[in-house]
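Reader: I have not looked at this structure before. Please show me how to read a few of its features.

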Amino acid sequence: MIAEIIGKIAEQFSEDEYDYRPRPSLAGPERCIRQMVYHAIGIERSPFPGRTLLVFDDGNWHEQLTLDWVRKSALQVHSEQMAVSISFPGYDMVLSGKIDAIVTDILGRDRLLEHKAINHFTFQRFAGGQLPLDYITQTCLYLRGLQEVNPDLKEALLLIKNKNTAAYLEINIKYDGASDVATVIGMIDSNGEEKTLNIPIDNICRDAFEKFKAVQDYADKKTLP
């Protein structure tokens, strides 16, 4: 009785945003630009099925559960869902989004905390060394926006949770706004296994803005990539 109606209830109470706008969650290089152009042109999309909406909602609850555990540590959790605006020289657009939180350690050092909850198979790929480029791009865009008000906030912790096993993978990222270079410093998992990476990613935010500009150009001309 309950199993068959929950998805339908989610569809009825869905408040999905259908209008296209450039935002950090769409900025990654792995995001399909053709699909983005369809969205920007205004091609009507099929509503998300109920089970998909439940998955999204499930991810939000995983974030809150994680933050509740972090609050029990020596770290201070604050600035949850704080709005940020992101710009880049040469581009006539401003991205907006909301960060998950900022954590402050016992030495008073702030880091952006971005949380993702994903399925087991995707988690295994990232734990095996594949970089989550879309997540890293989104995180660096947030860092860029935060640096407008706090230039000293240069690092982020991208915390990825395996929804199936409750295992975590933490990726330490540093972003330099002047050079627009992200450095994936390293990662550590729930078992304490640590990997030093020091992988640079050049032009990470500029490439995101360039992608949004390309989407708008295609949409204005009513053409597809």
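Reader: In which sense do strand S5 and strand S6 pair, and over how many bridges?

Author: Strands of a sheet pair through backbone hydrogen bonds, either parallel or antiparallel. In this predicted model, S5 (residues 110-118) and S6 (residues 155-162) pair in the parallel sense, over seven bridges. Take Lys116 as a case: its bridge partner in S6 is Ile160.

Reader: Which helix packs on the sheet, touching S5, S6, S7, S8 and S9?

Author: Helix H4, residues 120-127, does so, and its direction makes about 135 degrees with that of S6. Helix H5 (residues 133-147) lies across S4, S5, S6, S7, S8 and S9. The direction of H5 runs at about 150 degrees to S5.

Reader: In what order do the seven strands form the open sheet?

Author: The order is S1-S4-S5-S6-S7-S8-S9, with mixed pairing. S1 (76-78) and S9 (194-202) stand at the edges; each has a single partner strand, so one side of each lacks a neighbour in the sheet. From one strand to the next, the twist averages 25 degrees.

Reader: Now a single residue. Is Leu26 buried or exposed?

Author: A residue counts as buried under 20% relative accessible area. Leu26 has 9%, so Leu26 is buried. Its place is in the loop between helix H1 (3-12) and helix H2 (33-41).

Reader: Which residues does Leu26 touch, not counting those up to four places away in sequence?

Author: Leu26 touches Tyr20, Arg21, Arg31, Met36 and Phe212. Of these, Met36 is ten residues from Leu26 in sequence, and the two are 8.3 Å apart in space, C-alpha to C-alpha.

How values were computed:
Residues numbered from 1 in each chain as written. Predicted model: local features only at pLDDT ≥ 70, side-chain atom pairs only at ≥ 80, totals over all residues. Heavy atoms only, no water. Helix = DSSP H or I, 4+ residues; strand = E, 2+ residues; numbered from the N terminus. Buried < 20%, exposed > 50% of the residue type's maximum accessible area, 1.4 Å probe, protein only. Contact = heavy atoms within 4.5 Å. Pairing = 2+ DSSP bridges. Axes fitted to C-alpha atoms, helices over the stretch in contact; angles between N-to-C directions.
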